[in-house]
Every structure is written in structure tokens, then in C-alpha cells.
Amino acid sequence: MAQSTLDSMPGASTGTVVITEPLNFWGGKRVKPREEKNAEPVFEPATGRVLCQMVPCGAEEVDEAIQSAYAAYQKWSKMAGMERARVMLEAARIIRERREKIAKLEVINNGKTITEALGNIDFSWKSIEYYAGLAGTLAGQHIQLPGGAFAYSRREPLGVCVGIGAWNFPFLITTLKSAPALACGNAMVYKPSPMAPVTAVILAEIYKEAGVPDGLFCVVQGGAETGSLLCHHPKVAKVSFTGSVPTGKKVMEMSAKSVKQVTLELGGKSPLIIFKDCELENAVKGALMANFLTQGQVCCNGTRVFVQREIMPQFLEEVVKRTKAIPVGDPLLGSTRMGPLISKPQLEKVLGFVSQAKKEGARVLCGGDPFVPSDPKLKGGYFMSPCVLGTSNTLVNGGTAHAQSALFFNTQSLSTDNCRDDMTCVKEEIFGPVMSVLPFDTEEEVIQRANNTTFGLASGVFTRDISRAHRVAASMEAGTCFINNYNINPIELPFGGYKMSGFGRENGQVTIEYYSQLKTVVVEMGDVESLF
Ligand SMILES: NC(=O)c1ccc[n+]([C@@H]2O[C@H](COP(=O)([O-])OP(=O)(O)OC[C@H]3O[C@@H](n4cnc5c(N)ncnc54)[C@H](O)[C@@H]3O)[C@@H](O)[C@H]2O)c1
Ligand SMILES: CCCCC=O
């Protein structure tokens with residue numbers, strides 16, 4: 001069992017790890033790339049060093065992986081749900097036992113803090129436990145028909161499912177797709193993001209160690225080309241995709257050619273609505289949790305923060321003070337709360353959004369600059385200071401004298417600097433640590449503005465008024481609405497988008513529907529009545 005990458009983890013620190021083991025996995029083992037000529041460097045975001053090479057799989061390798069998955073599917077799908085559950089529970093146990101090592105590797109590849117990565121790994125083993133629990137409950141119905149005839153339905157797997165993942169939760173996305181797939185009796189071929197390729201193969205090794213048939217969970221490395229080979233392959237029954245809206249559309253189009261089932265978990269630009277009757281301390285904490293986890297690279301983040309005008313000054317004072325105090329630095333240190341962004345291009349893209357926001361008239365209330373930590377080994381890392389883009393004319397339209405005295409920024413620009421709904425930073429998914437704050441006056445107005453987006457992944461509301469909370473939740477055109485908190489997504493709860501944020505669901509019992517199909521079996525107990 002090639003466990004050397006994980007075995008080197010306990011003593012590993014930022015800037016020390018180099019990975020040379022193959023990152024593909026099929027037929028029950030790691031597989032070396034056939035040819036190295038298209039190798040792409042994978043960087044450690046905290047240092048900018050090369051961590052490993054990602055070599056994309058070509059058509060023959062993709063086919064080999066899919067054939068190996070299909071062979072395993074023939075065995076796995078015939079096992080009883082309870083038998084599959086026992087293997088999955090063992091996989092969950094192994095992940096739990098190795099959580100620190102896996103989390104460390106995730107941090108080195110992704111840049112998120114160790115505190116968050118440990119939480120992600122715990123979420124991962126819980127997701128496998130959860131679907132192991134459901135595996136033994138999968139059942140159909142028995143239906144009586146006239147004359148003693150009857151029918152029953154069988155809940156059957158789909159076959160070989162493909163998972164294509166994003167880079168922001170590399171190990172977790174791998175488990176959120178594979179756990180329900182395997183519980184239902186499918187096999188899975190998974191393609192991680194080329195920017196975060198190193199932990200999916202660890203999960204493949206763990207499934208193997210837990211006892212799945214060789215080939216049941218395969219990993220192929222690559223980018224768009226490899227992804228497209230997977231979506232076009234005739235032996236693939238379903239594609240579960242997590243990524244951006246433009247790529248999601250392509251995946252849907254490619255999958256449509258052979259009528260494959262599709263789940264799309266796409267981007268967002270979610271509203272967080274804070275009413276003046278909220279518990280302000282919780283609303284401030286909620287806004288930070290809605291924007292700055294994983295350096296703001298979270299699909300369901302509440303990046304459009306609508307604040308009722310009367311409480312804007314107090315809200316901004318607290319949010320900016322706490323944002324400025326976020327410790328940015330070495331993601332492997334327990335005290336760090338924000339690490340580097342995933343890549344140099346991503347950092348430049350996010351800083352570009354901040355510059356554009358300034359040009360369009362927004363006021364940078366804090367952050368939004370490249371950040372160079374004092375530790376010399378982090379000088380080449382992709383760090384930036386977390387940013388709040390604000391509005392400073394909130395008082396012009398009706399603030400109180402008390403609120404005015406709470407202003408902490410330059411009051412000269414009261415009438416001009418603003419985040420507005422038509423700004424690029426408010427309309428587009430930034431996928432970085434940038435919060436846009438917008439004032440509002442009435443419930444009716446804010447509901448209309450919150451829904452005025454093509455995205456629909458999540459939403460949130462802070463208020464003490466219970467009726468208003470549920471009224472707003474019902475009005476949100478989004479797959480989730482958090483009341484008086486944000487980014488609470490445990491495995492038991494269905495997660496997914498409305499509108500262009502996608503369709504299908506991950507997590508929760510409902511996901512079984514997306515990895516299985518119903519067969520109806522009709523049984524005659526008498527003679528055939530023929531009209532002919
Ligand atoms: N809704 C969710 O659950 C969720 C979760 C995480 C991330 N996201 C979204 O993901 C995006 C960020 O991730 P990203 O930058 O990796 O997204 P991306 O769309 O660039 O890439 C996602 C995956 O698709 C692959 N891919 C690219 N082109 C392809 C093609 N033509 N055919 C098949 N596969 C292809 C990539 O290699 C990668 O594995 C954000 O928009 C974010 O909101 C959504
Ligand atoms: C896997 C968790 C999804 C959160 C969005 O990026």
C-alpha cells in the first residue's frame with residue numbers, strides 16, 4: 001500500500017513537501033502516467049513552490065479506469081446494502097484515524113488553514129458514515145394489482161458514475177460524491193481539479209484498504225480535456241460535477257449527447273440580509289463566517305451583505321475591526337485564520353475585482369491588497385488581506401446622530417463611495433476574501449434585490465422577528481436559507497442550487513435519488529388475457 005505521502009506528513013511543515021508518487025488510481029493500485037509530456041506543475045499556495053507534477057490522463061487511460069470501474073461495479077452492485085455499509089464504515093474509521101495527516105496534506109496543496117482542513121476531513125468521514133447508514137435501508141415498494149397480480153419496484157444503481165471536482169474542498173468533494181454513489185451500489189471514476197490533485201488518491205487507497213473491489217473507486221488526473229473524455233464515454237451513466245457555471249454548462253451539453261444523468265453543483269453570489277432588529281454580535285460573526293472561510297473560496301458564501309440602513313455604521317465598525325484582525329499567514333499554524341489563495345492567477349483575479357470595484361465607485365474599507373507574511377519562506381505565497389467593500393453614504397438617506405458618531409471612516413466621501421447592485425463586485429462571483437456591503441431600507445426592497453441575480457445557491461437572514469425570518473426564507477430564490485447563522489451545512493441537509501447555481505442535490509437522504517434508479521417488476525399470477 002503506497003502510503004508514503006501520508007507517512008511523511010507528521011513531520012511535514014510548509015515549504016518542505018515534494019510528492020513524487022503517481023496520482024492516478026485504478027484496478028486497485030496507483031498507476032503511473034503513460035507519458036509525462038503534458039505534465040503541469042502543481043504549486044504549494046503558501047510558498048509558490050512546485051509540490052508535484054500533474055500529468056493529464058489521455059483517452060486510453062480514461063478508458064482503462066472506466067473499464068476497471070465497470071468490472072468492480074458488477075461485484076459491488078450485487079452485494080447487500082448492509083455488506084456495502086460495513087466496508088464503508090471501515091473506510092470512515094480509517095479516515096478518522098488518519099485525519100491529521102490527511103488534513104495536513106490538504107493544507108499543503110490547497111492553502112486553507114489546518115483548523116478548517118481538520119473540520120473538512122471530519123465532515124468527510126461523517127459523510128461516508130451517513131451514507132453507509134442509508135445503504136441498508138434502500139428499498140422499493142410492493143403494489144397489489146387486480147386478480148392477485150402484483151408489482152414491486154427495485155432501487156437499483158446507475159452503473160459507473162463520474163465525479164468531477166473543484167479545488168476548494170478537494171478531499172471533501174471527493175467523499176460527498178463517492179459516499180452516496182457507493183452506498184447505492186455504483187462505481188465511481190473521479191477527476192479532481194488539476195490544481196488540487198493530491199488527496200483524492202488517498203481516498204482511493206483508503207477505500208481499497210477498507211475492502212471495496214479493485215476498481216470500484218478510481219482517480220484519473222487531468223483538466224478540461226480529461227473531463228471531456230469522461231463526459232463523452234459511453235460506459236458512464238452519470239456525471240456529478242462541482243465547479244463554475246460556464247464549465248457546468250459544457251458538462252451538461254456533453255452529457256446530453258448520450259443522455260447521461262447530471263448533477264451540477266455550481267457557483268453562487270449569495271445574499272445575506274441583516275435587519276436592524278438582529279442580534280448585532282451574531283450578525284457580525286455570521287457575516288465573517290459567510291465570507292472568509294477558505295480565503296473566501298466557498299461556493300455558498302454570502303458575499304452580498306445587505307444591511308438595514310439604521311444599523312450600518314455599527315455593523316461596519318465591527319466587521320471592519322474584526323476583518324483587519326484576521327491572522328493571515330502559514331496555514332499549517334493553529335493560530336492562522338486565513339491562508340493563501342489557491343494560485344497566482346486566482347490571487348490576481350481577486351485583486352482585479354477589488355481594483356474594478358474602486359473604479360466603479362466602491363470604497364475599500366479594509367484589505368484588498370497583496371499580503372507578504374513576515375516569515376521568509378512564505379514570500380512567494382499567494383496571500384492577500386481580507387477585504388470589505390462598503391458604502392459610506394448610508395447616513396445621507398436617514399441615519400441617526402448616534403449612528404453618525406459611530407462612523408470610523410473618512411466622512412468626506414459620504415455621498416459618492418458605495419457598493420451598488422450594478423457593480424461588478426456585487427454581480428459576479430469573486431471567489432476570494434471580498435465582502436460587499438450594501439444598504440437597504442425595507443423588507444420588500446431587499447427581497448427583490450437579493451433575488452436579482454442569475455445565481456441561487458444560498459441565502460441568509462438575521463432578524464429577531466420570527467415571522468419575518470420565515471417570510472424571507474420562503475421568498476429567497478436559493479437552495480438554502482440560513483436563519484440567524486451562515487454556512488451551516490452538515491451532511492444530513494440537502495445542498496444544491498436554484499437557477500444557474502445548478503440542479504440535483506448533494507448531502508441528505510435525497511441524494512440517494514440522484515445515484516439510483518427505479519425498476520418496476522410486474523408479476524402476473526393468472527392467465528394472460530389477450531385482445532388478439
Ligand atoms: N455548488 C457547489 O457545491 C460548489 C462547491 C465548490 C465549488 N463550486 C464552484 O466551483 C468554482 C470554482 O472551482 P473551479 O475553478 O475548479 O471550477 P472549474 O469549472 O474551472 O473546474 C471544475 C472542474 O471541472 C473540470 N473541467 C474544466 N473544464 C472541463 C470540461 N470542458 N469538461 C469537463 N471538466 C472540465 C476542471 O478540471 C475541474 O476539475 C466556483 O464557481 C465555485 O462556486 C461549487
Ligand atoms: C463541499 C462544500 C461545498 C462548499 C462550496 O464551495
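A polar contact is a pair of N or O atoms within 3.5 Å; within protein, one must be able to donate a hydrogen and the other to accept it, and residues adjacent in sequence count only if both atoms are side-chain atoms. With that in hand, let's look at a ligand site, a sheet and a helix. This is a predicted model, where local features need pLDDT of at least 70, side-chain atom pairs count only at pLDDT 80 or more, and totals for chains, interfaces and linings use all residues. Residues are numbered from 1 along each chain as its sequence is written, and side-chain values use heavy atoms, without hydrogens and water.

**Ligand 2**
- An oxygen atom of ligand 2 lies 2.8 Å from a polar backbone atom of C299.
- A polar side-chain atom of N168 is also 2.8 Å from an oxygen atom of ligand 2.
- The residues around ligand 2 (a heavy atom within 4 Å) are N168, F169, L172, I173, L176, V298 and C299.

**The sheet**
- Three strands (DSSP runs of E, at least two residues) form an open, antiparallel sheet in the order β5-β6-β20; strands pair if DSSP finds at least two bridges between them.
- The edge strands, each pairing on one side only, are β5 (142-144) and β20 (516-523).
- Strand β6 (residues 150-157) pairs with β20 over 8 bridges, and S153 stands opposite T520 in β20.

**Helix α7**
- Helix α7 (residues 200-210; helices are DSSP runs of H or I, at least four residues) has 9 of its 11 residues buried, meaning under 20% relative accessible area with a 1.4 Å probe, protein chains only.
- Among the buried residues are V201, L203 and Y207.
- After α7 comes G211, with a positive phi near 120°.

Technical notes
Chains are lettered from A and ligands numbered from 1 in the order in which they are written. Buried means under 20% relative accessible area, exposed over 50%, partly exposed in between (1.4 Å probe, protein chains only).
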